[in-house]
Amino acid sequence: MAAHWTPRHTLVAVLGTVATGLLIGLPTDVVPNPVFGRAVPVTWWSYPALAVIAVLSGLLLATYIRPGGDLQVDAQDRPARRGVLSALVSLFAVGCPVCNELVLVALGSSGAMTWFAPAQPLLAAASVAGLGWALRARWRGRSACPVTAGGETTAS
């Protein structure tokens, strides 16, 4: 895999990491900002969870850059779907348990704190596991049958 990694891959990985960190961190107020707020303080584990999720998401995004520089995503790509779903789960994992309207409607504010808040670290772990699975699947697929710049496979 490393032999196929280009400076463009690195740039996409870094930009994808920063974008994911902001797209998840800003609305959940893990990244402090004047637009969004929280009724419950950010938990200590939300920071490392967001960092790991952002890095895995950036690396996963970079695997979709072909050697020629084009972005290649197939609608039937299971790792892509798993990665997007895992990143969405992370919004619930690091978000404020009583600020989430879906959780409030389903459980109420006391249920959100009693049942949902303790489950959030499990959601973070599920998000990391899903992103890790998707990244591993993409890396294994690229190293098993690498694609040349012209789109042909190098395996015979």
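User: Is the crossing of helix 2 and helix 3 left-handed or right-handed?
Analyst: In this predicted model, helix 2 contributes Ser46, Ala49, Ile53, Ser57 and Leu60 to the contact, and these meet Pro79, Gly83, Ala87, Ser90 and Val94 of helix 3. The residues of this contact divide into six nonpolar, four polar and no charged. The crossing of the two helices is left-handed.

User: How is helix 2 oriented relative to helix 3, roughly parallel or roughly antiparallel?
Analyst: The axes of helix 2 and helix 3 lie 11 Å apart, and the helices pack at an angle of about 160 degrees. Because angles over 145 degrees count as roughly antiparallel, the orientation of helix 2 to helix 3 is roughly antiparallel.

User: Which term describes how helix 1 and helix 2 lie to each other, oblique or roughly antiparallel?
Analyst: Helix 1 and helix 2 pack at an angle of about 140 degrees, with 7 Å between their axes. Their crossing is right-handed. Since an angle must be over 145 degrees to count as roughly antiparallel, the term for helix 1 and helix 2 is oblique.

User: How many charged residues are there in the contact of helix 1 with helix 2?
Analyst: The helix 1 side of the contact includes His9, Val12, Gly16 and Thr20, while the helix 2 side includes Leu50, Ile53, Ser57 and Ala62. Taken together, the residues of this contact comprise 10 nonpolar and eight polar, and the number of charged residues is none.

User: Which helix supplies the largest share of the lining of the largest pocket?
Analyst: The largest pocket has a volume of about 390 Å³, and among its 17 lining residues Thr20, Ser57, Gly83, Val84 and Ala87 lie nearest its centre. Helix 1 (7–25), helix 2 (46–62) and helix 3 (78–94) each supply at least two residues of that lining. The lining divides into 13 nonpolar, four polar and no charged residues. The largest share, six residues, comes from helix 3.

Methods: Residues are numbered from 1 along each chain as its sequence is written. This is a predicted model: local features need pLDDT of at least 70, side-chain atom pairs count only at pLDDT 80 or more; totals for chains, interfaces and linings use all residues. Side-chain values use heavy atoms; hydrogens and water are left out. On a 1 Å grid over the protein atoms alone, a cavity is a set of points where a 1.4 Å probe fits but cannot get out, and a pocket is an open set with protein on both sides within 12 Å along at least five of seven lines; lining residues have an atom within 4 Å of a point. Grid points are joined across faces, edges and corners, and a volume is the space filled by probe spheres set on the points. Helices (H or I, at least four residues) and strands (E, at least two) are DSSP runs, numbered from the N terminus. Ala, Val, Leu, Ile, Met, Phe, Trp, Tyr, Cys and Pro count as nonpolar, Asp, Glu, Lys and Arg as charged, and the others, Gly among them, as polar. Axes are lines fitted to C-alpha atoms, for helices over the stretch in contact, and angles run from 0 to 180 degrees between N-to-C directions. Angles under 35 degrees count as roughly parallel, over 145 as roughly antiparallel, 65 to 115 as roughly perpendicular and the rest as oblique. A crossing is left-handed if the near helix is turned anticlockwise from the far one by less than a right angle, and right-handed if clockwise. Contact means heavy atoms within 4.5 Å.
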